[in-house]
Amino acid sequence: MNVWNILQNTAKDRTLAAPSILSGDFGYLSDSAKKAEQAGADLIHVDVMDGSFVPNITFGPDVVAALKKAVNIPLDVHLMISRPDKYAAKFIEAGADILTVHKESDHDVKKTLMEIKEMNAVPGVVINPDTEVNTVEDVLQYCSIVLVMSVFPGFGGQKFIIDVIKKIELLVNLRKKNNYNYLIEIDGGINEETSKKAIIAGADMLVAGTYVFKNQDLKIPIDSLKTPKINTTYA
Ligand code: DX5
Ligand code: ZN
């Protein structure tokens, strides 16, 4: 089974936990990733920022390659960069299993998603808190993941924007109506309480940075993100 089938199958039973390495120890990133894996993380979320699309600079492909060597779980690489089309191949070569690209970046979203798929990585689109779902409706059929930002991208530790819950519900409905296949991921301000709201709305994958890494024992927050699906919305 490939990465996508494993994630899809797991998501039928429970939500997936994706700790964000942005809140790991930058001096020992591989160790932080390993600790998250040992504590039961399903994926490692890697926030790539270019200082142009967002006002912060983080990791390039070489860091992704180092993380790839450190863990066996998939790398969920979130590109917060101005030209994701120019760098997608480099991140996939480095070991990105999932590559999500912003609707708001300067590129042909459909083309980039198709290229990511052709390179055998899992493609996803990301929407900022002020971007509506209808702006990406025409590309949903090419998405294996739709990532809903619940903070404005750039930094960890921000407050969850509750309004985005509506978008999760809308994406659940659109998936059902059109027989689409994407998993719904949420990113930003996720903690024990906000995760519950996202799960009830239908989120399949939960990214959490501060909430996971501020704990000494990563297993406690990671376990709390892995919740059995009661009303399975993903079918
Ligand atoms: C924000 C990033 C998030 C960030 C989340 O730009 O995309 O992935 O790491 O951090 P927390 O969970 O602390 O809000
Ligand atoms: Zn992210």
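**A zinc site and its neighbouring ligand**

Trainee: Is Asp47 buried or exposed in this model?
Mentor: Asp47 is buried, with a relative accessible area of 4%. Keep in mind that this is a predicted model.

Trainee: Okay, and which residues are the protein donors of the zinc ion (ligand 2)?
Mentor: Asp47 is one of them, through OD. His45 (NE2), His78 (ND1) and Asp187 (OD) complete the protein's set, and they lie 2.0 to 2.3 Å from the zinc ion.

Trainee: How are those donor residues spaced in sequence?
Mentor: The pattern reads H-x1-D-x30-H-x108-D. Asp47 sits in strand S2 (residues 44–49) and Asp187 in strand S7 (residues 183–187), so this pair ties together parts that are 140 residues apart in sequence.

Trainee: What about Asp187, buried or exposed?
Mentor: Asp187 is buried, at a relative accessible area of 7%.

Trainee: And what geometry does the zinc site have?
Mentor: The site is octahedral, with 6 donor atoms and angles of 69 to 168° among them.

Trainee: Switching to ligand 1, which residues come nearest?
Mentor: Of the 20 residues around ligand 1, those are Asp47, Gly154, Asp187, Gly209 and Thr210. A polar side-chain atom of Asp187 is 2.6 Å from an oxygen atom of ligand 1. For Gly209, a polar backbone atom is 2.8 Å from a ligand 1 oxygen, and a side-chain N or O atom of Thr210 is 2.4 Å from one.

Trainee: How much of ligand 1 does the protein bury?
Mentor: The protein buries 100% of the 380 Å² that ligand 1 exposes when taken alone.

Trainee: Which element gives the largest share of the shell?
Mentor: S2 does, with 3 residues. The shell as a whole divides into 8 nonpolar, 10 polar and 2 charged residues.

Note on methods. Residues numbered from 1 in each chain as written. Chains lettered and ligands numbered in written order. Predicted model: local features only at pLDDT ≥ 70, side-chain atom pairs only at ≥ 80, totals over all residues. Heavy atoms only, no water. Donors = N, O, S within 2.8 Å, 3.2 Å for Na, K, Ca; no water. Tetrahedral: all angles 85-135°; square planar, octahedral: opposite > 155°, others 65-115°. Helix = DSSP H or I, 4+ residues; strand = E, 2+ residues; numbered from the N terminus. Buried < 20%, exposed > 50% of the residue type's maximum accessible area, 1.4 Å probe, protein only. Near = heavy atom within 4 Å. Polar contact = N/O pair within 3.5 Å; in protein donor to acceptor, adjacent residues only side chain to side chain. Areas by Shrake-Rupley, 256 points an atom, 1.4 Å probe, with all protein chains shown as cover. Nonpolar A, V, L, I, M, F, W, Y, C, P; charged D, E, K, R; others polar.
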